[in-house]
Amino acid sequence: MASPFESYDDLEDADERLQAADPAERRVAIIALGHSGDPAAIGHLARMVDDPDAGVRQQVAMALGEFDGPEAAAALVKLLVDPERIVAAAAADSLAEFKDPASADVILPLVKHSHAFVRMGALRALKELRRKDTLKPALEALQDGDAAVRVQAIGVIGFLKLEESIPALTSLINDPDAHVRRAAVSALAFSHMKPAAETITRALKDEDWMVREMAAETLGLNVNGAVAADQLIASLDDAFWQVRLKAVRSLGKMKIERAVRPIGNCVTHEQANLRKEAAAALGEIAGADGEPFLVMIANDPDPDVRKNARWAQHQIAAKKAKAGA
Amino acid sequence: MPLATYQTSVPVVVDDAKCIADKGCTVCVDVCPLDVLRISDMTGKAYMAYDECWYCMPCEADCPTGAVTVNIPYLLR
Amino acid sequence: MAIDEIVDGLSEVSCDVLVIGGGTAGPMAALKAKLKNPKANVVLLEKANVKRSGAISMGMDGLNNAVIPGYATPEQYTKEITIANDGIVDQRAVYKYAENCYKIIEELDGFGIRFLKNENGDYAVKKVHHIGTYVLPMPNGETVKKALYRQLRRARILISNRYMATRLLTASDGRVAGAISVNTRTAEMLVIKAKAVILCMGAAGRLGLPTSGYMFGTYENAANSGDGYAMAYHAGAKLANLECFQINPLIKDYNGPACAYVAGPFGAYTANNEGKRFIECDYWSGQMMLEFYNELSSGKGPVFLQLKHLHEKTIEEIESTLHKVERPTRGLFQQGRGVDYRHESIEMHISEIGFCSGHSASGVFVDDFARTTVPGLYAAGDMASVPHNYMLGAFTNGSVAGIDAMEFADNHDFAQFDAADVAAERDRVMAPTKREDGIPPNQIEYKTRRLVNDYLQPPKVTRKYELGARRLAEVRQDAKERMIARNAHELLRALEAQSILDCADMAVHASLFREESRWGLYHLRTDFPEKDNENWFCHTLLGKQDGKMVSEKREVEPYIVPIAEEEKDLYDKQRIAVGA
Ligand SMILES: Cc1cc2nc3c(=O)[nH]c(=O)nc-3n(C[C@H](O)[C@H](O)[C@H](O)COP(=O)(O)OP(=O)(O)OC[C@H]3O[C@@H](n4cnc5c(N)ncnc54)[C@H](O)[C@@H]3O)c2cc1C
Ligand code: SF4
Ligand code: SF4
């Protein structure tokens, strides 16, 4: 009987198989190398990046994704600039799974490549590597003419969480592309500096509802979010219930007492999702002036709303009891 | 009691022109959780040998040449 | 050579720790065991292929129950799980999971598994439940298995694909000694001696029959036929709360969730035919399923997942996850029916029954170290009794099991089993291949599962259970005396059919033992419609004694996170009365 275990000798005849005349056979050999998990396979795979067959190169890009570190990254970088999109796309996906910061050295130069797809792929890969020396090139990439590249650059900067990047991120608030503005707002969440919170606050007035939604949510995550309490309260009148909902949630999370009434006014909105979050926020703030609103929805047709209303009343009662004790 | 064969229209289809099983590929047969794919002795290509499919898709997703198509089994389509 | 031709043969190997089932918990258990003692031999035995096996074959929509600092606390999580399980919970294991799971998320992230992050690289946890915030989406989750497999290769785990474990071996003192398995393509048998064994064979998902009639269209990965439950039972391990069935809300006719956990954070919800929400219960639980069942059987059904009120862009985002990860054929299915989420709600239904602790509480009884009641035998994931564990629980408790099992193996020598046990098992396994004529496994299985639907599906009626038991016994007799397998693949199905029968018998026994109703629809007994805390605030343990199935009560361990009366009360008000 053959061994019942998977083999660990996949590399044995690799070189020979990689030279097969038939591209399909080369592909099969590459699959085996990727599957081996043996770092010695990287060298074999690296030699295949110039294979004349695009399908083979695509397979190499996928197989290299099974590894990590500078050697595999160097081979993938060559595939990222491949003229065939299927190859480049596979390389970009593989690089995005890398975690070893040392891989950044070979990826960094591509941030300045002439093709937007390559620049995007490189920045996407750098994000998870979180290396400080990627900040400068990423900041420069914020000027890129391609919006998708700018979004990826924001990611690299945002993952690093360095206060020095705040001015650059702030300037993006006027970017012509809504995706860029949305990403920039989200990237400001970490900052402890007031200007970051102020910038997010300004985004509450953005023309795109998804940017406004992100701003309302991000203020709830930012340490200085409370500076925007009044503006968040104003957002409770936003034309989109999605934005109101996030504003309600952030106000609740920050326990803004003067928001109770304006939040209370949301409990009769036609959108049950909003009524439900309004009830929950009233509970989080637990101000006694929230009670009348909760009474109003005690018999709401939506069980989730009723449930949160009950929970909120309980919170208010508990707070009162504590104050009395 | 003698056994009879029961007809069924199988959900997973392999495009013979694209399949490279004859070059040594066994990916779809390897990954299938229900072990229902085989390589045909006659054509040298992969095919669905048993209609016991969870329509989960690894066969299609992992095929290097895009030869596999998973369809929803007729009974629940 | 004919396809899957039977080769008669038996060989033996040995290892320090044997992990059976390479889905979710299994790979993690194997990896942790090996990292604990790199010199030791760790075997991972899998019926399918570890690369794409188990519930997470194509990834998952997200973590359902991530306890991430800043969003939820272990105390709060433990409370919610306790309440969702009507109080029948040994909190220590739940609490331990809650404390450890964040570390595991970080580790999985390090493997290259992608979780949703905001632009600061922090996990973008979503609020779905009433109080805590637990859901962490995985929009690129389809790479989970690839990433795990890579780790196994790096650690040089001994992987045996396409071997189905059939029975455990034990020594005369009851300790575990290894397992017996059979190759699913050649029928060759393999005995694996081991100092410790970890069972990670997933849910018993092929118990009920899906309403479509397609036997493999189950909610659970259809390879999970309950072999683990059957093996644990025959080895003398106790199984907990098997009457607490698993039933899930699914897309009608399709076996994937439309998932409130994916669409929920975006504002989608489950609604009745009037477009109104009706679910009071917060957690995916028996109570929720009862509400679902009631709505379906009232005039207010059918039930739908409502998305049309969402913005076009939001729907696009939901689709990109629903149609790419976990159950990617979801998109294909909706397309075939011409359903566009923008204009039409998704019709929902309830699934067939199964055992699964991952979603309810029915599993092989384990403590907070994943130890079963058999020394040296561990269990983790959907088949172990820690309730509501889901994917992250499988990873976390798999890790706990791997570490503890290796410690056990380091301190024990091989236990000795009786060669006669191997011979007897070989006879049992091969019996269907020795017949010239008989009933094929698919008919045995179909009939078993049809009976499960007819007689065991809740609401549970004692008389129906008695009739069901009688009919099932007849099928068992047929399986034993007349089932035929003409090749190795049919033999695999024949063995699975026997596990399914074992599970059906356990479902009957456990359900009849608990003379009350609890866990909403999961254990709704029409003859005992009330919850009876006085007599039944306890676990039930099912086991094998002198070859017979027996059940006993087991006290719930004292809580480590107390739950105040008023809190219980608050939740109780969410409950609706049976049959309301
Ligand atoms: C459709 C679906 C959607 C889900 N969605 C989510 C979600 O979004 N979030 C979440 O957190 N959880 C989700 N879950 C739950 C989660 O996936 C499971 O709880 C978890 O993966 C269970 O892991 P496991 O290791 O116990 O079982 P599995 O991963 O199923 O592994 C069991 C393994 O055992 C093998 N096996 C079975 N019998 C034998 C045998 N006799 N011999 C050898 N091997 C055997 C099987 O082939 C399989 O590989 C979902 C589950 C399903 C089915
Ligand atoms: S994976 Fe694709 S190419 Fe390979 S055997 Fe299957 S169908 Fe053929
Ligand atoms: S869809 Fe899943 S079960 Fe069906 S053939 Fe493909 S891998 Fe196998």
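A polar contact here is a pair of N or O atoms within 3.5 Å; within protein, one must be able to donate a hydrogen and the other to accept it, and residues adjacent in sequence count only if both atoms are side-chain atoms.

**Ground rules.** I am working with a predicted model, where local features need pLDDT of at least 70, side-chain atom pairs count only at pLDDT 80 or more, and totals for chains, interfaces and linings use all residues. Residues are numbered from 1 along each chain as its sequence is written, chains are lettered from A and ligands numbered from 1 in the order in which they are written, and side-chain values use heavy atoms, with hydrogens and water left out.

**Ligand 1, contacts.** I looked up the polar contacts of ligand 1. A backbone N or O atom of C:Gly23 lies 3.5 Å from one of the ligand's oxygen atoms. For C:Gly54, a polar backbone atom is 3.2 Å from a ligand oxygen. With C:Asp382 it is the side chain that takes part: one of its N or O atoms is 2.6 Å from an oxygen of ligand 1. The protein covers 99% of the 1000 Å² of accessible area that the ligand has on its own (Shrake-Rupley method, 1.4 Å probe; for residues, only the protein chains shown count as cover).

**Ligand 1, shell.** I found 37 residues around the ligand, with C:Thr24, C:Glu46, C:Gly62, C:Asn224 and C:Asp382 coming nearest (near means a heavy atom within 4 Å). By class they divide into 17 nonpolar, 12 polar and eight charged (Ala, Val, Leu, Ile, Met, Phe, Trp, Tyr, Cys and Pro count as nonpolar, Asp, Glu, Lys and Arg as charged, the others, Gly among them, as polar). In chain C, strands E3 (62-63) and E6 (163-170) and helix H10 (390-410) each supply at least two shell residues (DSSP runs numbered from the N terminus: helices H or I, at least four residues; strands E, at least two).

**The cavity.** Where does ligand 1 sit? I find it in the largest cavity (more than half of its atoms lie within 2 Å of the grid points). A cavity is a set of points, on a 1 Å grid over the protein atoms alone, where a 1.4 Å probe fits but cannot get out; lining residues have an atom within 4 Å of a point. About 660 Å³ of space lies in this largest cavity (the space filled by probe spheres set on the points, which are joined across faces, edges and corners). Its lining has 47 residues, and C:Gly54 and C:Asp382 are among those nearest the centre. I noted E6, helix H5 (227-234) and H10 of chain C as each supplying at least two lining residues.

Note on methods:
1 Å grid on protein atoms, 1.4 Å probe; cavity = no way out; pocket = protein on both sides within 12 Å on 5 of 7 lines; lining within 4 Å.
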